[in-house]
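This briefing goes with the sequence and structure shown below.

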Amino acid sequence: MAGKADTHQKRRAPLTRERVLRAAITLADEGGIEALSMRRLARKLGVEAMSLYNHVANKGDLVEAMTDFVVDEIELPSTAEDWETAIRKCAISAHEAFLRHPWACSLVMAPGSFRIAGNPRLRYMEWLLGRLRDAGFSAELTYRGYHAVDSHILGFTMWELGHSAGGKDVTGGQSPADFAARILPELRSAGFPNLAEHAEQHMAPPSRDGESEFEFGLNLILDGLKKAR
């Protein structure tokens with residue numbers, strides 16, 4: 001028995017900070033950040049909880065590192081691409097990263113320990129500001145353009161995530177089709193025809209041009225920036 005235990009111990013991958021972060025992100029992706037605890041994370045990794053503190057200082061340090069890990073997934077295209085194409089790619093990449101890790105979108109805006117070295121959020125900010133300045137935008141337009149793009153990424157994503165979660169509660173377990181069949185006539189009879197039409201559009205398949213609602217808003221922002229420049 002001792003020999004088998006020794007062999008199992010030898011075969012187990014060594015615990016590293018990256019392994020801890022990846023396991024923690026998986027737990028948060030599956031059950032939300034509220035489902036993450038040091039004990040649960042230790043069980044997932046097959047270690048004692050105390051061993052985690054060799055790699056993270058505490059849960060706050062863990063969550064901050066997890067958020068950095070997600071922000072690091074955002075694509076920052078090279079300067080070889082024109083500013084509009086590059087910013088569009090970056091914004092779509094950020095939107096998709098936060099949809100993969102829904103818990104991270106609000107955390108990326110939360111105050112944390114301010115540090116300069118190795119901060120992916122600062123790297124993203126510098127990249128976006130730099131692309132606008134290099135494209136010939138004034139300091140004032142860069143300031144406004146940065147906020148327009150960044151707030152669209154975070155604001156729309158949080159709206160989309162909230163809308164998705166809230167929709168499940170509103171339908172009360174009914175399928176979307178059954179819920180729509182019941183509620184749409186009620187909306188129209190109650191004097192909300194435009195809201196009923198809007199709800200029907202939510203139920204419809206994506207448009208054939210393949211442009212998502214996120215991209216539609218992003219393109220409006222980028223077109224507006226071009227005109228302002």
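Which residues are linked in a network of salt bridges? They are E84, R88, D223 and K226. The model is predicted, and its salt bridges come to a count of twelve. In general, side chains of opposite charge can pair when their charged atoms come close.

- E84 and K226 meet through their side chains in a salt bridge, at 3.2 Å from N to O.
- This pair links distant parts of the chain, with E84 in helix α5 and K226 in helix α11, 142 residues apart.
- E84 is buried, at a relative accessible area of 15%, whereas K226 is partly exposed, at 36%.

**Helix α11**

- Helix α11 covers residues 213-228, which makes 16 residues.
- From first C-alpha to last, α11 reaches 23 Å, close to the 22 Å expected at 1.5 Å a residue.
- The buried residues in α11 include F214, G217, L218 and I221.
- N219, L222 and L225 are also buried in α11.
- As a general point, an α-helix has 3.6 residues a turn, so residues three or four places apart point the same way.

**R100 and its surroundings**

- R100 is placed in helix α5, which spans residues 83-100.
- A salt bridge joins R100 to E73, and the closest N and O atoms are 2.8 Å apart.
- Because R100 lies in helix α5 and E73 in the loop between α4 (59-71) and α5, the pair ties together parts that are 27 residues apart in sequence.
- Both partners are partly exposed: R100 has a relative accessible area of 43%, and E73 has 29%.
- R100 and D29 are 71 residues apart in sequence, yet their C-alpha atoms are 7.4 Å apart in space.

**The E200–R188 pair**

- E200 and R188 form a salt bridge whose closest N and O atoms are 2.9 Å apart.

- R39 is exposed, with a relative accessible area of 66%.

Conventions: Residues numbered from 1 in each chain as written. Predicted model: local features only at pLDDT ≥ 70, side-chain atom pairs only at ≥ 80, totals over all residues. Heavy atoms only, no water. Buried < 20%, exposed > 50% of the residue type's maximum accessible area, 1.4 Å probe, protein only. Helix = DSSP H or I, 4+ residues; strand = E, 2+ residues; numbered from the N terminus. Expected span 1.5 Å × (residues − 1). Salt bridge = Lys/Arg side-chain N within 4 Å of Asp/Glu carboxyl O.
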